[in-house]
Amino acid sequence: MCGIVGYVGKQEAYPLIIGGLRRLEYRGYDSAGVALGGEKGLRVYKRRGKVDDLETFVEKKDVTGTIGIGHTRWATHGVPDDRNAHPHLSHDASIAVVHNGIIENFRILKTDMESRGHTFLSDTDTEVVAHLIEDVRNAAGVPFPEAVRLALKEVVGAYAIAAISADDPDTLVVARKGSPLVIGIGEDEYLVASDASPIAEHTRRVVYLDDGDMAVIRCGAENPEIMAIDDGVSHSPAIREIEFKLESLAKEGYSHFMEKEIFEQPKTIRDSMRGRLNPKTGEVKLGGLSDYFNKLAEAERIVIVACGTSFYAGILGEYLIERIAGVHVEVEYASEYRYRHPLIRKGDFVFAISQSGETADTLAAIRLAKEAGAYAFGICNVVGSSIARETVAGVYTHAGPEIGVASTKAFTAQVTVLSLIALALARRRRSLPEAELLRLAKELDSVPDKVAAALETRSACRELAEDISQLRDVYYLGRGVCYPVALEGALKLKEVSYIHAEGYPAGEMKHGPIALIDENMAVVTVAPLTEVHDKILGSIQEVKARKGKVYAIVTEGDTETAALADRSVAIPQIDELFVPFVAVIPLQLISYFVAVLLGRDVDRPRNLAKSVTVE
Ligand code: M6R
């Protein structure tokens with residue numbers, strides 16, 4: 001939700017900031033802007049649209065300067081237009097601010113400053129912060145960095161900000177509370193960003209700013225000065241190395257990141273298992289959980305909180321952990337959990353699943369669980385993310401950076417980790433015979449190869465996508481382990497194609513939705529061979545009897561189901577518990593091809609952002 005970049009050093013800031021904004025465009029892309037400082041004073045250029053539009057706008061403008069900040073926006077307060085684009089300036093135009101998050105008390109602050117003569121040029125909450133910093137600086141007569149700190153003490157809400165001042169032209173100030181911020185330390189230069197992707201090509205040395213901290217970054221200083229916003233007390237920065245490879249940030253010959261990420265899955269699933277699963281012995285080692293594993297193995301129930309695709313992975317976690325390990329699991333939308341006064345017992349085990357590790361609702365749910373005395377664990381993809389840092393233990397999914405806004409490889413990596421947790425718990429709890437656990441471990445180990453085979457459905461999916469691209473509404477039906485797959489398939493289609501799609505448990509059709517079936521309605525049925533296959537056949541017949549179109553995902557060799565459907569895609573046979581890994585592949589491919597056929601912005605679908613750091 002909004003991307004922030006900042007630079008201070010000896011090079012020209014503008015190209016570095018633009019390069020960084022391109023990397024962060026997945027976080028928001030309805031407007032973009034830069035503020036450049038230095039000898040020539042502050043210059044702000046901002047535009048509705050994407051970073052390309054900003055670049056066109058600044059052609060022939062003065063973009064010199066060795067300090068600057070930039071922003072790519074996902075609108076919260078105020079429509080996406082030039083006025084509301086970041087950076088925002090203070091009343092006297094001496095301070096520029098970019099912000100990711102929401103300032104909850106901005107109206108009170110704004111009204112107060114308006115009564116004292118401030119005029120505001122935008123509808124945003126961010127502009128209030130720029131004005132407030134100036135206000136505090138003038139009233140308290142303190143230098144710019146201290147004015148930022150004192151101003152932030154008055155701010156309620158979530159933020160990552162970067163600010164520069166015409167009066168202190170060599171200093172970049174950044175702060176975070178609830179939204180991520182990373183500081184890259186180069187040779188005589190610093191690059192800050194919402195995540196490490198804009199930094200990786202310049203330096204591998206980074207500081208992940210802690211929540212509630214700010215950093216004063218001066219050109220030429222050996223390290224940034226890190227301090228708590230609350231009391232201004234400094235502490236030494238924890239410098240870490242960026243883990244991912246630069247190649248993972250490129251499309252590598254694919255047309256879109258979504259396509260690349262779909263096709264990466266045999267590798268990313270293998271990476272999620274690497275060093276954790278021994279298929280010869282059936283042993284599973286999850287280092288990140290080891291300190292708490294004995295306690296977890298005795299759990300009476302596990303709660304999973306997540307949003308979107310991660311929530312659907314959570315439902316699969318419920319099937320897997322209950323079936324394999326015999327532990328009761330409850331899965332909750334994080335956005336509901338935090339407001340429904342859930343019954344959390346001291347010593348409960350609450351897992352947050354989140355690709356980004358920054359989802360505001362999931363983070364809030366985990367904080368709530370911690371306050372109630374639960375053990376909070378994380379299953380995250382982004383190393384060093386807020387959820388990873390705020391949980392006592394957890395497992396990284398190791399899928400590598402996921403750039404496409406629609407989640408694909410992160411989903412299968414999450415399901416891999418959940419499968420590993422289920423197997424590890426089952427061994428410890430002796431919930432299944434040893435031989436059965438060994439068989440399941442081998443079967444899980446075969447998933448990357450089966451997924452590679454499922455990717456061979458590419459042409460069939462492309463053909464099916466032609467049909468679906470003509471439709472207005474599509475149902476996705478599944479049952480048992482295929483129900484969450486149907487939910488995920490429907491979410492993928494609507495996200496990237498903007499076609500209305502609903503995922504439904506097949507057995508629920510007759511309780512209402514079947515009223516919508518006629519010759520204009522199509523149903524994608526996730527119908528591989530499982531223990532409920534006969535029931536799914538029944539659902540297909542019900543749709544056909546009402547002249548609905550049926551597109552089916554079937555197991556290779558299941559000619560009976562294929563013959564019933566108008567079109568079908570055949571996926572490899574695998575143990576029922578791991579069917580979702582292979583069944584989701586054609587659904588991802590179909591959504592991708594429909595989006596391409598309809599000319600959609602596949603990697604940056606409208607109205608969405610990769611990490612949802614606001615409520
Ligand atoms: O980063 P998270 O996994 O916490 O994100 C949760 C959802 O916002 C995310 O899965 C969203 O639904 C994706 N756009 C799905 O493709």
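Q: How far is a polar side-chain atom of S356 from an oxygen atom of the ligand?
A: In this predicted model, the distance is 2.6 Å between an oxygen atom of the ligand and a polar atom in the side chain of S356.

Q: And what is the distance for T359?
A: For T359, a polar side-chain atom lies 2.4 Å from a ligand oxygen atom.

Q: How much of the ligand does the protein bury?
A: The ligand exposes 410 Å² when taken alone, and 91% of that area is buried by the protein.

Q: What about T309: which part of that residue is 3.1 Å from the ligand?
A: A polar backbone atom of T309 is at that distance from an oxygen atom of the ligand.

Q: Which residues come nearest to the ligand?
A: There are 15 residues around the ligand, and those that come nearest are S310, S354, S356, T359 and E495.

Q: How do the shell residues divide into nonpolar, polar and charged?
A: The shell holds 5 nonpolar, 8 polar and 2 charged residues.

Q: Changing topic, what kind of peptide bond joins H86 and P87?
A: The bond is cis, with omega at about 0°. P87 belongs to the loop between β4 (67–73) and β5 (88–89). In general, most peptide bonds are trans.

Q: What is the phi of A93, and where is that residue found?
A: A93 has a positive phi of about 60°, although it is not a glycine. The residue is in the loop that runs between β5 and β6 (95–103).

Note on methods:
Residues numbered from 1 in each chain as written. Predicted model: local features only at pLDDT ≥ 70, side-chain atom pairs only at ≥ 80, totals over all residues. Heavy atoms only, no water. Near = heavy atom within 4 Å. Polar contact = N/O pair within 3.5 Å; in protein donor to acceptor, adjacent residues only side chain to side chain. Areas by Shrake-Rupley, 256 points an atom, 1.4 Å probe, with all protein chains shown as cover. Nonpolar A, V, L, I, M, F, W, Y, C, P; charged D, E, K, R; others polar. Helix = DSSP H or I, 4+ residues; strand = E, 2+ residues; numbered from the N terminus.
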